[in-house]
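Hi,

Here is the structure I promised to pass along. Have a look at it first, and then read on for what turned up.

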Amino acid sequence: LLAQTVRPEAGSTPINAAVHYLEDPTATMTLDEVRAADAGVAFEPHQSADAVNFGLSSSAFWLRFTLAGEAMQPQRYLLEVGFYALTDVRLFHPDGRVMETGQHQPASARPWPHRHLVFPVKLTTAKEQTYYLRVASVGSITAPLALWRPDAFAQHVQINYLWVATYYGAALALLLYNFFLYVSLRDRNYLLYCG
């Protein structure tokens, strides 16, 4: 099956509908074996705009997708796997580079420091590039994929942090209010109620 090429749009571009996948039940396949299986048309199309989701499985899954940029000169984009709990995720670049990350890897050691799994990629209009993403996990295997422009991703992250800060700020305000109420009432039952 021919791969649908994903080109970045304004902000983020979901790429789930362009993904083809291959299940590796033994979780031992190498990239060369995966490419040979790809040449033999073993990959199946995901055919949905929803997140790629395989549920609980001990298999590894190989996702294939083709990306292209907006300019002749290489420009950096960010590929986000929007589910933090994946144990082992590896992105195989067309030039042979491999980037690895996962839930147990510290954010400082990830390809891009973020709570989700994010990979930087360089794309041009001159050449469509096929990427392979190997996903395995001890938990649920869910991989919502999106291609981001770096500036749009930074803005998205700041808005998310604003909402998280608002949530924790409201929780802290309630905690302090109830603490001062306890101090003024000196009623141990109120403290137990709040707890």
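Below are my notes, going from the whole chain down to a few side chains.

One thing to keep in mind: this is a predicted model.

Overall picture first. The protein chain has 13 strands and three helices. Its C-alpha atoms fill a box of roughly 75 × 40 × 30 Å along the principal axes. The radius of gyration is 22 Å, whereas a compact globule of 195 residues would have one near 16 Å. As for burial, 37% of the 195 residues count as buried. The accessible surface of the chain comes to about 11200 Å², and carbon and sulfur atoms hold 58% of that.

On contacts: taking those in the chain with a separation of 6 or more, 77% are between residues 24 or more positions apart.

Now the rings. There are 10 aromatic pairs in the structure. One of them is F54 with F61: the ring centres are 3.8 Å apart and the planes are at 0°, so this pair is stacked. Planes under 30 degrees apart are what counts as stacked here. How buried or exposed are the two partners? F61 is buried, with a relative accessible area of 4%, while F54 is partly exposed, at 22%. The cut-off for buried is under 20%.

Cheers

Terms used. Residues are numbered from 1 along each chain as its sequence is written. This is a predicted model: local features need pLDDT of at least 70, side-chain atom pairs count only at pLDDT 80 or more; totals for chains, interfaces and linings use all residues. Side-chain values use heavy atoms; hydrogens and water are left out. Rings of Phe, Tyr and Trp (its six-membered ring) pair if their centres lie within 6.5 Å; planes under 30 degrees apart count as stacked, over 60 as edge-to-face and the rest as tilted. Buried means under 20% relative accessible area, exposed over 50%, partly exposed in between (1.4 Å probe, protein chains only). Helices (H or I, at least four residues) and strands (E, at least two) are DSSP runs, numbered from the N terminus. The radius of gyration is taken over C-alpha atoms; the globule rule is 2.2 Å times the number of residues to the power 0.38. Contact means heavy atoms within 4.5 Å. Accessible areas come from the Shrake-Rupley method with a 1.4 Å probe; for residues, only the protein chains shown count as cover.
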